[in-house]
Amino acid sequence: MNRLGGGTVSIFARSGNNTDLAAAHLARQATASLAGVLSGLGKSRSDLAKAMGVSPGRVSQIMSGDANLTVRTLAACAEALGASVEIKFYAHPETAGRQDDGSGAASPTQGSSLPSGFLT
């Protein structure tokens, strides 16, 4: 870290901010998907809380997207609903054509996911 003007500036500040934004986006996607499954199954948040063995307040935290959702929490929700969770990594279109030049930049990747029904 550098000391500039009496304040501490991290060289990772911009990257961390991007990571925080990406994490918030993923949390919103996960909770929207979870809400869709609940609705499709005709179940309420209270039903999910009972099935998970947690308080309705905990389900509200999960559904708010503010909570730091873990893979374990997502798996617990899926298990309680008899559903599956799928997580995919893929290259952004603007980085998909890059070749690894030794600079540590992203190299092309193929989308990949766990087999269907992996987390049930």
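**A first look**

Mentor: Start with Asn 68, which counts as exposed because its relative accessibility is 68% (exposed is over 50%, buried under 20%, partly exposed in between, with a 1.4 Å probe and protein chains only). This is a predicted model, where local features need pLDDT of at least 70, side-chain atom pairs count only at pLDDT 80 or more, and totals for chains, interfaces and linings use all residues. Residues are numbered from 1 along each chain as its sequence is written, and side-chain values use heavy atoms, with hydrogens and water left out.

Trainee: Where does Asn 68 lie?

Mentor: In the loop between α3 and α4. Its C-alpha atom is 8.6 Å from that of Ala 23, and the two residues are 45 residues apart along the chain.

Trainee: How many helices and strands are in the chain?

Mentor: The chain has 4 helices and 2 strands; these are DSSP runs, H or I of at least four residues for helices and E of at least two for strands, numbered from the N terminus. The order from the N terminus is β-β-α-α-α-α.

Trainee: What share of the residues count as buried?

Mentor: 15% of the 120 residues.

Trainee: Now confidence. Where is it lowest, and where highest?

Mentor: Strand β1 (residues 2–4) is lowest with a mean pLDDT of 45, and helix α2 (residues 45–52) is highest at 97. pLDDT is the predictor's confidence in each residue, from 0 to 100. Residues 1–5 are below 50, and that stretch has 8 contacts beyond near neighbours in sequence, a contact being heavy atoms within 4.5 Å. Residues 103–120 are also below 50, with 25 such contacts. The chain mean is 78, and 66% of residues reach 70 or more.

Trainee: Back to α2. At what angle do α2 and α3 cross?

Mentor: Roughly 110°, with the axes of α2 and α3 (residues 56–64) coming within 8 Å. Axes are lines fitted to C-alpha atoms, for helices over the stretch in contact, and angles run from 0 to 180 degrees between N-to-C directions. So α2 is roughly perpendicular to α3 (65 to 115 degrees; under 35 is roughly parallel, over 145 roughly antiparallel, the rest oblique).

Trainee: Which residues meet there?

Mentor: Arg 45, Leu 48, Ala 49 and Met 52 of α2 meet Pro 56, Val 59, Ser 60, Ile 62 and Met 63 of α3.

Trainee: And what about α2 with α4?

Mentor: Those helices pack at about 100°, with axes 9 Å apart, α4 being residues 71–81. That makes α2 roughly perpendicular to α4. Leu 48, Ala 51 and Met 52 of α2 make the contact with Ala 76, Cys 77, Ala 80 and Leu 81 of α4.
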